[in-house]
Amino acid sequence: MKLSQYYIPTLKEAPKDADIISAKLMLRAGLIRKTASGIYEWLPLGIRILKKVENIIREELDAAGCCEVWLPVVQPQELWEKSTRWTYYGKELLRFKDRKGAGFCLAPTAEEVMTNLVMKDINSYKQLPLCLYQFGTKFRDEIRPRFGVMRAREFYMKDAYSFCADEKSAAQWYQRLYDAYMRIFTRFGFKFKPVEADTGNIGGNFSHEFMVLAQTGENEISVCPKCGYTANTEKTEIEAPAPANPKPEDLLPAQEVSTPDAKTIDEVAAFLKQPAEQFIKMLVYKADGKAVIVLMRGNDELNEIKLKKLLNATELEKAEPDFYEQTTGSPLGFAGPCGLKQRNADIKIYADNHIKTIVNGIAGANKKDTHLKNVNLGRDFQPDVFADLKLAAKGDRCPRCSAEFDFMRGIEVGHTFKLGTKYSLSMGANFLDENQQSKPMIMGCYGIGVSRVIAAAIEQSHDENGIIWPAPLSPFDVELIALDTQGEVRQKADEIYNALRAEGISVLYDERDERPGVKFKDADLIGIPHRIVIGKKLLPEGKLEYKARTAQKAEFWPIEGIEGRIKTLLGK
Ligand code: ATP
Ligand code: MG
């Protein structure tokens with residue numbers, strides 16, 4: 001491709017609202033432009049990379065036995081009502097009406113449409129298993145679109161759905177897709193980890209997120225260095241700590257202390273000169289409309305996902321001040337567990353396991369500006385349920401082997417999910433088994449954020465001058481720069497351009513009438529892994545300059561046989 005005829009509008013500076021390095025570089029290198037918040041235009045260079053990603057995914061899914069389809073981006077309300085998600089999906093679902101008043105939405109995912117498609121033609125076990133996939137535009141009205149195409153509202157996704165007749169086959173297909181994902185992300189050149197993920201309301205333990213390891217990732221991952229247990233921190237289980245088991249004589253008498261104007265744990269801790277871990281923090285939640293009390297150690301954070309699962313709740317939200325005061329009979333910020341049951345006999349108290357480590361703790365005294373010192377479990381309060389409710393953090397240990405967790409950050413680029421019969425039951429996707437019995441199909445779904453993959457690749461591979469593409473994702477194999485636009489240099493560069501292309505090597509040929517500095521800067525910004533420069537200085541010696549994007553220095557190579565040498569380098 002000749003650059004003078006190509007459309008790569010590079011920028012010296014990134015627009016001010018670009019908030020992450022990959023977004024800055026994608027804008028600067030002319031891959032994308034912003035249309036509106038979370039909505040982007042893709043330019044020719046961006047499309048080439050998108051296609052590279054798409055083709056690798058397609059090759060691996062086809063090899064795994066999946067079949068490609070193409071589904072509409074406008075989906076009827078009727079189907080979403082069948083699955084009940086029209087009510088439950090929330091505000092990310094962009095809903096609208098057509099001219100006749102019929103309800104529709106823009107596809108944020110395609111379980112409903114895909115299940116409905118398969119139901120039309122599949123009615124016997126003989127037609128199963130089946131795994132269909134598509135590439136397509138998704139729209140999710142994200143509350144906070146950010147990080148360029150990484151958390152966009154409109155984005156490009158590959159979504160696959162498996163339909164099986166029994167559990168064994170469903171597990172085999174899950175594994176097959178998991179293995180395909182391992183190959184796909186390896187081919188992208190990623191440093192990544194599959195991690196156990198939260199399964200939300202759906203239940204079961206069959207969900208993995210594929211995380212590209214990068215400091216800028218939105219997700220935190222907990223990794224056990226000993227046994228390898230790896231999970232999204234939002235789902236990481238923690239070994240219960242040893243309880244304190246104090247002797248009766250160690251328990252000091254409870255005592256009220258005045259803590260004027262100190263409401264938060266940190267404020268009270270500073271005022272009383274006590275560490276936060278001595279505090280018993282009392283949280284009030286509303287789970288499906290009912291009040292729930294949670295006790296946490298002062299320095300620990302509640303993992304709401306664990307609580308939601310423990311309660312088997314559909315909706316969980318932190319109590320508003322009024323509800324808090326009504327439930328606890330205490331002013332906001334001063335509620336404690338002592339005497340709570342006497343005041344509110346119906347209330348259920350849940351406590352994180354770490355509460356058992358506190359001796360002579362501090363809690364709210366249920367009075368304004370007052371706390372209680374020397375509060376002790378058993379003597380002063382008794383939770384109904386102890387559980388692992390803590391968000392994993394530094395110092396926590398693996399429940400499988402007791403080693404201390406390491407933490408790293410990741411970008412979720414893919415998600416595999418065993419759905420079971422959630423959609424087939426609600427939508428009636430049944431088949432007849434060998435005995436003519438009607439049964440629901442067992443489903444799995446598998447997503448890859450194609451556009452997010454590109455941003456993740458850049459987060460993982462760039463330097464101060466620009467992008468460094470992993471070869472399999474690079475928009476072109478080689479960048480060729482002619483330092484003169486005319487004469488011998490240009491003629492030789494044209495020859496090399498043709499020779500490389502004749503060998504099936506894709507070339508971005510910078511023959512623009514620009515200063516060498518501009519060309520070099522753009523080449524570094526765009527990040528093609530191999531660069532060849534033809535100039536006046538080396539030409540009389542029959543040589544050219546070669547530089548790998550990752551190398552510090554250029555090398556001088558003979559022009560003769562350059563296409564063969566590059567071909568070997570590319571492993572073609
Ligand atoms: P997240 O937790 O990041 O919101 P999700 O669990 O909602 O992701 P899935 O529904 O599993 O995501 O979608 C499959 C894939 O689509 C994700 O693994 C991710 O790569 C991509 N994806 C999801 N939301 C976005 C978005 N807003 N912008 C770009 N890609 C996205
Ligand atoms: Mg999401």
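# Salt bridges, strands and surface of a predicted model

Arg-549 counts as buried because its relative accessibility is 5%, where buried means under 20% relative accessible area, exposed means over 50%, and partly exposed lies in between (1.4 Å probe, protein chains only). This is a predicted model, in which local features need pLDDT of at least 70 and side-chain atom pairs count only at pLDDT 80 or more, while totals for chains, interfaces and linings use all residues. Residues are numbered from 1 along each chain as its sequence is written, chains are lettered from A and ligands numbered from 1 in the order in which they are written, and side-chain values use heavy atoms, with hydrogens and water left out.

**Salt bridges**

- The structure holds 38 salt bridges, each being a side-chain nitrogen of Lys or Arg within 4 Å of a carboxyl oxygen of Asp or Glu.
- Side chains of opposite charge can pair when their charged atoms come close.
- Arg-549 is one partner in a salt bridge with Asp-463, and the closest N and O atoms of the two are 2.7 Å apart.
- Arg-549 sits in the loop between β30 (543–548) and β31 (555–558), whereas Asp-463 belongs to strand β25 (residues 462–463), so this pair ties together parts that are 86 residues apart in sequence; helices (H or I, at least four residues) and strands (E, at least two) are DSSP runs, numbered from the N terminus.
- Asp-463 counts as partly exposed, because its relative accessibility is 23%.
- Lys-367 and Glu-256 form another salt bridge, with their closest N and O atoms 2.9 Å apart.
- This pair links distant parts of the chain, 111 residues apart, since Lys-367 is in the loop between β18 (361–364) and β19 (370–375) and Glu-256 is in strand β13 (residues 255–258).
- Lys-367 counts as partly exposed at 40% relative accessibility, and Glu-256 likewise counts as partly exposed at 44%.
- Lys-572 and Asp-477 meet through their side chains in a salt bridge of 3.0 Å, taken from N to O.
- Here too the pair links distant parts of the chain, 95 residues apart, with Lys-572 in the segment after α15 (562–570) and Asp-477 in the loop between β26 (466–467) and β27 (478–482).
- Lys-572 is exposed, with a relative accessible area of 51%, whereas Asp-477 is buried, with 11%.
- Lys-51, Glu-54, Arg-58 and Glu-68 are joined into one network by salt bridges that share partners.

**Strands and their neighbours**

- Strand β8 (residues 154–164) is largely enclosed by the rest of the structure, because 10 of its 11 residues are buried.
- Strand β7 (residues 130–139) runs antiparallel to β8 and is joined to it by 10 bridges, and two strands pair if DSSP finds at least two bridges between them.
- Within this arrangement, Gln-134 stands opposite Asp-159 in β8.
- Strand β24 (residues 442–449) also pairs with β8 in the antiparallel sense, over 8 bridges, and the bridge partner of Lys-158 in β24 is Ile-448.
- Strand β29 (residues 530–534) is mostly covered, with 5 of its 5 residues buried.
- In a regular strand the side chains alternate between the two faces of the sheet.
- In β29, His-530, Ile-532 and Ile-534 point one way while Arg-531 and Val-533 point the other way, and all are buried.
- β27 runs parallel to β29 and is joined to it by 5 bridges, whereas β30 pairs with β29 in the antiparallel sense over 4 bridges.

**Backbone details**

- Leu-128 and Pro-129 are joined by a cis peptide bond, with omega about 0°, and Pro-129 lies in the loop between α5 (111–121) and β7.
- Thr-84 is not a glycine, although its phi is positive at about 70°, and Thr-84 has its place in the loop between α3 (77–82) and α4 (85–88).
- Asn-366, in the loop between β18 and β19, also has a positive phi, near 65°, and counts as buried at 14% relative accessibility.

**Surface charge**

- Asp-288, Glu-315, Glu-317, Glu-320, Asp-322 and Glu-325 gather in a patch of negative charge on the surface; patches are made of residues with over 30% relative accessible area and no salt bridge, with like charges joined within 9 Å and nonpolar side chains (Val, Leu, Ile, Met, Phe, Trp, Tyr) within 5 Å.
- Glu-320 lies in the loop between β16 (316–318) and α9 (321–328) and counts as exposed at 53% relative accessibility.

How values were computed: Accessible areas come from the Shrake-Rupley method with a 1.4 Å probe; for residues, only the protein chains shown count as cover. Lys and Arg count as positive and Asp and Glu as negative; His and the chain ends are not counted. The place of a charge is taken as NZ of Lys, CZ of Arg, CG of Asp or CD of Glu.
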